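Please look through the sequence and the structure that follow, and keep both at hand while reading.

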Amino acid sequence: MKRLISIFIIIVLMIASTGCKQSKQEINQMGIVLTTGFDLTPDGKYIFTAELLNPESSSSSTSKKNTTESSSDVVIFTSLGDTPYTATTNLAESYGKPLFFAHSKYVVLGENLSKQGLNLFMDAVFRIRTTRPDTILLIAKGRASDIVKANAAGEKIPADSIENLVKFQSSMGYFPMISRLDFANALLNKTSTPILGVITLKNKFNTDNTFDLSGTAIFKNDKLIGFMDMNETRGMEWIEGKVQSGIVSAHMPDNSIVDFSILHSKSKIKPLIKKDSLSIQININAEANIVEMTSTLNPMKDYKVMDKFSTALSNSIKSEVLLALNSAQKKYKSDVFGFGNIISQTYPDLWDKIKPEWQSIFPNIKVDVTVTSSVKRPGLISKPIK
């Protein structure tokens, strides 16, 4: 028996040691891709732009044929192809090395390409062996190549700057962080609406560029149909309980303004059936501190003032939520919140009946929003310095 076990172990080890032989490659023999961009020409060809790690780490420009820009740490290449995959292989041929996508931080998609449809792109990226399904997808307002080529102020590797901005803006609710896998799942789920975060290049004619990551791209199937602005986007993120930082400005009854720093938020979405009528109940809870105010209210003299601050914060949050609901239900008629998925989990029998008509039901479904806020601290001073 021991002999049989030993033979079995040896066979397993032999298979494990030879199974990846064909895919083994040395790291210095590959082009390390840090970020990529895809655009579409007027005649339907794909433009592939890639930021690659510069193996020489030299400030001198390289002589490679398709290089459009280089720095001490990265080099930019572009190429054309009839499909997304042929565009990438054409770049690899010009670069002289196979491309390695496992370290890619994000992918930028051009506005024109997104309007034409992303099904072919999604098919290509999921078939490439070294791509990661959790890589973030972004939509550029304009050309993706402009984003990839831009030098970020204060960063040797521009991709690092945008990666940090993605995490920062997402925590404040101004930007939905959507991966390739998230987007693919939304495409396959015919009742939910695919969305992506939006990136815009500022100061595009200067040497030091800044990037604006805010807003949401709305899709119908695989085609871009419009955008939600940053306030509508944060309203959507309040509904999903994803706002964990940032500043909210609120107006007090005396027309003064108070700025709150969000500490935490959470939400609960619950479908309700009353008298054969379906509605959605959204409950949002938020905690915050006061960071700035012009109000003369003094919580040190009257502790009930903190309740007034909490009410003002709740009203401001609710107004952003209503902006998102109006945009999704009336403007785009698209379930960006995933209400359909929640209904299917709560009332599966009902969902089977209404699923075929959900696209026409969603714009008219009643949504009740309740926001409960708690202001924890007024800061080191209790009233404005005047």
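In this model, which is a predicted one, isoleucine 247 stands opposite serine 261 in β12. Strands of a sheet pair through backbone hydrogen bonds, in either a parallel or an antiparallel sense. The sheet in question is an open one of four strands, in the order β11-β12-β13-β14, and its pairing is mixed. Because β11 (247-251) and β14 (366-375) each have a single partner strand, they stand at the edges, and one side of each is left without a neighbour in the sheet. On average, neighbouring strands of this sheet are turned by 40 degrees against each other, direction ignored.

Within β12, aspartate 259 deserves a separate look, as this residue lies in that strand. Is aspartate 259 buried or exposed? Its relative accessible area is 12%, and because buried means under 20%, aspartate 259 counts as buried. Leaving aside residues up to four places away in sequence, aspartate 259 touches Ile247, Val248 and Ser249, and also Asn289, Ile290, Val291 and Glu292. The C-alpha atom of aspartate 259 is separated by 6.0 Å from that of methionine 293, although the two residues are 34 residues apart along the chain.

Two helices can then be placed against the sheet. Helix α9 (residues 305-331) lies across β11, β12, β13 (277-293) and β14, and runs at about 150 degrees to β14. Helix α10 (residues 339-346) also packs on the sheet, where it touches β12, β13 and β14, and its direction makes about 45 degrees with that of β12.

Helix α9 has a helical partner as well, for its axis and that of helix α8 (residues 230-239) come within 7 Å and cross at roughly 100 degrees. An angle from 65 to 115 degrees counts as roughly perpendicular, so α8 is roughly perpendicular to α9. On the α8 side the contact is made by Asn231, Glu232, Arg234, Gly235, Met236, Trp238 and Ile239, and on the α9 side by Ile317, Glu320, Val321, Leu323, Ala324, Leu325 and Ser327. By class, the residues of this contact of α8 with α9 divide into eight nonpolar, three polar and three charged.

Strand β8 (residues 195-202) is mostly covered, with six of its eight residues buried. With strand β7 (residues 136-140), β8 pairs in the parallel sense over three bridges, and here leucine 138 stands opposite glycine 197 in β8. With strand β9 (residues 210-220), by contrast, β8 pairs in the antiparallel sense over seven bridges, and the bridge partner of lysine 202 is threonine 210 in β9.

How far apart are the axes of helix α4 (residues 119-127) and helix α7 (residues 180-188)? The axes of α4 and α7 are 11 Å apart, and the two helices pack at an angle of about 130 degrees, which makes α4 oblique to α7. The crossing of α4 and α7 is left-handed. Asn119, Met122, Val125 and Phe126 in α4 meet Arg180, Leu181, Phe183, Ala184 and Leu187 in α7, and by class this contact has seven nonpolar residues, one polar and one charged.

Technical notes:
Residues are numbered from 1 along each chain as its sequence is written. This is a predicted model: local features need pLDDT of at least 70, side-chain atom pairs count only at pLDDT 80 or more; totals for chains, interfaces and linings use all residues. Side-chain values use heavy atoms; hydrogens and water are left out. Axes are lines fitted to C-alpha atoms, for helices over the stretch in contact, and angles run from 0 to 180 degrees between N-to-C directions. Angles under 35 degrees count as roughly parallel, over 145 as roughly antiparallel, 65 to 115 as roughly perpendicular and the rest as oblique. A crossing is left-handed if the near helix is turned anticlockwise from the far one by less than a right angle, and right-handed if clockwise. Contact means heavy atoms within 4.5 Å. Ala, Val, Leu, Ile, Met, Phe, Trp, Tyr, Cys and Pro count as nonpolar, Asp, Glu, Lys and Arg as charged, and the others, Gly among them, as polar. Two strands pair if DSSP finds at least two bridges between them. Buried means under 20% relative accessible area, exposed over 50%, partly exposed in between (1.4 Å probe, protein chains only).
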